[in-house]
Amino acid sequence: MLLLDFKLSVVGMPLDRPLFMHDGPNQIAPVMLAGVDIDTAFLKITEQPDSGMVLEDLLALSDSLEIVGLDEAGNSVRIYGYQVQSEKLVLG
């Protein structure tokens, strides 16, 4: 998912809304920025909830970046969208 598309779809949402990704079939976990290269922002699950990203953190990045998740082994996982669950944005 391009960050520009994501930004357009979250206009008006609270900037302090936390970001999560799936961590197993029925679990979600907070994410942190693992790194940025020329065209990709890599997000990975963090075990420390206090260090997780909020919407404002992601919106601060360049519009041209693609949002990509990293699994536990460091493999890229495509992110195609998100859903709102109990005030959390779950990327997937």
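Let's start with a pair: lysine 7 and aspartate 63 form a salt bridge, with the closest N and O atoms 2.5 Å apart. By salt bridge I mean a side-chain nitrogen of Lys or Arg within 4 Å of a carboxyl oxygen of Asp or Glu. Lysine 7 sits in helix α1 (residues 3-9), aspartate 63 in the loop between α2 and β4 (66-70), so the pair ties together parts that are 56 residues apart in sequence. Helices (H or I, at least four residues) and strands (E, at least two) are DSSP runs, numbered from the N terminus.

A word on the source. This is a predicted model: local features need pLDDT of at least 70, side-chain atom pairs count only at pLDDT 80 or more, and totals for chains, interfaces and linings use all residues. Residues are numbered from 1 along each chain as its sequence is written, and side-chain values use heavy atoms, with hydrogens and water left out.

Back to the pair. Is lysine 7 buried or exposed? Lysine 7 is buried, at 17% relative accessible area. Aspartate 63 is partly exposed, at 36%. The cut-offs: buried is under 20% relative accessible area, exposed is over 50%, partly exposed is in between, with a 1.4 Å probe and protein chains only.

How many salt bridges does the structure hold? Three. Side chains of opposite charge can pair when their charged atoms come close.

Next one. Arginine 17 forms a salt bridge with glutamate 87, and the closest N and O atoms are 2.5 Å apart. This pair links distant parts of the chain, 70 residues apart: arginine 17 is in the loop between α1 and β1 (19-22), glutamate 87 in the loop between β6 (82-85) and β7 (88-91). Arginine 17 is buried, at 10%. Glutamate 87 is exposed, at 52%.

Then glutamate 66 and arginine 78. Their side chains meet in a salt bridge at 3.0 Å, N to O. Here the link runs from strand β4, with glutamate 66, to strand β5 (residues 76-78), with arginine 78; the two residues are 12 apart. Arginine 78 is partly exposed, at 48%.

Last stop: threonine 46. Where is threonine 46 found? In the loop between β3 (40-45) and α2 (55-59). Threonine 46 is buried, with a relative accessible area of 8%. What does threonine 46 touch, leaving aside neighbours within four places in sequence? Pro30, Val31, Met32, Ser51 and Gly52. Contact here means heavy atoms within 4.5 Å. With serine 51, the side chain of threonine 46 makes a polar contact of 3.2 Å. A polar contact is a pair of N or O atoms within 3.5 Å; within protein, one must be able to donate a hydrogen and the other to accept it, and residues adjacent in sequence count only if both atoms are side-chain atoms.
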